[in-house]
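Q: Could you take me through the features of this structure one at a time, giving the general idea before the particular case?

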Amino acid sequence: MANVIVIGAQWGDEGKGKIVDLLSKSADVVVRYQGGANAGHTVVVRDQTFKLHLIPSGILYSDTECIIGSGTAIDPKVLIEELDRLEALNVSTDNLWIAQTAHVTMPYHRMFDQASERSRGNRKIGTTGRGIGPTYADKSERMGIRVLDLMDPDELREQLRWTIASKNVILEKLYELPPLDAEVTIAEYLGYAERLRPHVVDSSLHIDRALRQRRNILFEGAQGTLLDLDHGTYPYVTSSNPVAGGACVGAGVGPTAIDRVIGVAKAYTTRVGEGPFPTELDGDIGTALCKRGAEFGTTTGRRRRCGWFDAVIGRYAVRINGLDCLAVTKLDVLDTLPEIKVCVAYEVDGERFTEYPTSASRFARCKPLYKTMPGWQQSTASCRTLEDLPRQALTYLKFLAELMKVPIAIVSLGASRDQTIIVEDPIHGPKRALLDANGAPVDIQVANADTVRARSSSTHSTF
C-alpha cells in the first residue's frame, strides 16, 4: 500500500494530468487538495482528449473514487459543466465526492478578480480571472461560502443577502461596476446545490476510512511549486499551496499518512502569466518549443512562455516538497534541437548562486549560467524503454537527475497514455530506479510491494 502526492516541480503546466492519470490506474482513491477552476489538466486516452479543471484525472477509471478536497475553491457552475461533459462521453461520475468544507467561488469573486487585474496596470499578476484569489481571500477573512452552506437553503439566503450587500458597495464605489442582485444569485446557487448534493460528503472522514482500509490514495495538486503562495515567486503566485505540505492541509490528513512524493517537471521550462523567468527564450527556439509542445493553457488558452530547463528551481522544488522521485515530461519536444542548454546556476550582480533566491527583486535580476549538451535529433515518440532512447537523450536525463539529486521514475514522450517509459512504479513498488542521487544507474529488487517504505538517503528508491 502507498499513499502518494503528485506535485508540479516548476510553474505549473508540467503535465501532471497525464502522470496522475497513469498512476490512477493503480490507485483506489484520488484526492484533489487545492486550487480551483484556474487549473487545467489535459488527458489523452486513445483518440479522446479530456480537459479537466476541478475533477481529478482518476475519474476516467470507473472503479477509482475521486474526492475534491476541503482545500479547493469550487465554482459550482464549472463543476457541473464538467460533470455533464464527462457523462455525455459515457464517463461515470458516481464515484465523485465533494468536501462539504470546501469554499465556493461566487459571481462577485470573478468580478473582483478581473477588475483588480485591470486596475493593476503593468503590475498585474496574470491571473486567469476565474475568481480564485478572492475566494481564498474571503476564506481567510472568515466570510466565505462553503459547500455545506450551499446545502442549507436558509443559511445560504442569510449569508448571501448580507455578503452581497457588502460586496456591492465595493463593486459600485471602487470598481464602478453594476451591483449583483442577491435574490437572483441565491436562486442560481440553490439550483447548483441540488445538482451537487448527492456528491457532498465529509471528505476527511471519507479519506480516513480509506487509509484505515489500507487503500492506495493518490493526492494531486494544481499549479506548481513556484506558484505556491508561501514558497513561490511572490507576488506572481496562486492563492493556495500546491506544494506537498498543502496536500495534508487540503485533504485533511496527517503527514504520517504520506508514503511518497513525486515531482513532475518538463524536460524544459514554461511559465504562464507575469513574473521573472530566468531561462525564458524570446527567439526562434522559444517559438519552436511552444509550437512543438502545444504550449497553450488548458484553462485560458494563453500562450505559455518557454525556456531551457532550470535546475536551480528544480533543486528548490526537491527541497520544498521532499521529493522522492521525478516524472520528466515532454522529452520528445526537444527531439529536433542540435543542442540543448540546462541552467545550472544563476549570476546576480556578479556573484554565482546555485540556490533559488527568495527575494523577488533579486530573482528578477538573475542571469542563467548554462551547461550546453548535444541534442539527439531523432524522434523519441515511439520509445517505450530506456534502452530505446538515443544515447544523448539518456545522457540528458542522467544529467538532470544528477543536478537535482533525485532519481527519475517516469519519462513521458507525448500526450497519450502509452507514450511513456515507466522506470519505477510509485504505487506498487520500484522495479528499477533510473539513477541514484549521485547520477549512477541503480537496479533494485523489492520482495514485497506492500512493504511500508524505508527511504534511503542515497537512492530514495524504496518505500
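Q: Which residues does L334 touch, leaving out residues up to four places away in sequence?

A: Some conventions come first: this is a predicted model, in which local features need pLDDT of at least 70, side-chain atom pairs count only at pLDDT 80 or more, and totals for chains, interfaces and linings use all residues. Residues are numbered from 1 along each chain as its sequence is written, and side-chain values use heavy atoms, with hydrogens and water left out. Contact means heavy atoms within 4.5 Å. On that basis L334 touches A267, Y268, L289, I340, W376 and Y396, not counting residues up to four places away in sequence.

Q: How many residues does the largest nonpolar core have, and which of them have the most contacts inside it?

A: A nonpolar core is a set of buried Ala, Val, Leu, Ile, Met, Phe, Trp, Tyr and Cys residues joined through side-chain atoms within 4.5 Å, where buried means under 20% relative accessible area, exposed over 50%, and partly exposed in between (1.4 Å probe, protein chains only). The largest such core has 63 residues, and those with the most contacts inside it are I5, F219, L331, L334, V342, L389 and Y396. Helix α13 (residues 391-404) gives the most to this core, with eight residues; helices (H or I, at least four residues) and strands (E, at least two) are DSSP runs, numbered from the N terminus. A second, separate core of 59 residues includes L23, L83, Y108 and L171.

Q: Which residue does a cis peptide bond join to Y234?

A: The partner is P235, and omega of this cis bond is about 10 degrees. P235 has its place in the loop between β10 and α9, and Y236 is found in that loop as well, between β10 (217-220) and α9 (244-251). Y236 counts as partly exposed because its relative accessibility is 24%, and among the residues it touches, beyond four places in sequence, are R271, E274, G275 and P276.

Q: Is Q223 buried or exposed?

A: Q223 is buried, because its relative accessible area is 11%. Q223 lies in the loop between β10 and α9 and has a positive phi of about 55 degrees although it is not a glycine. A polar contact is a pair of N or O atoms within 3.5 Å; within protein, one must be able to donate a hydrogen and the other to accept it, and residues adjacent in sequence count only if both atoms are side-chain atoms. Such a contact, of 3.4 Å, joins the side chains of Q223 and Q34.

Q: Where does UniProt place the feature "active site"?

A: UniProt positions are given in the numbering used here, feature names are shortened, and annotations may be inferred rather than shown by experiment. The unreviewed UniProt entry places "active site" at D13, H41 and K139; of these residues, K139 is included in the lining of the second largest pocket. K139 lies in helix α4 (residues 132-140), and K139 counts as partly exposed because its relative accessibility is 32%.

Q: How many residues line the second largest pocket?

A: The lining has 13 residues, of which G71, Y136, K139, S240 and N241 lie nearest the pocket's centre. About 210 Å³ of space lies in this second largest pocket, and α4 and α9 each supply at least two residues of its lining.

Note on methods
1 Å grid on protein atoms, 1.4 Å probe; cavity = no way out; pocket = protein on both sides within 12 Å on 5 of 7 lines; lining within 4 Å. Points joined across faces, edges and corners; volume = space filled by probe spheres on them.
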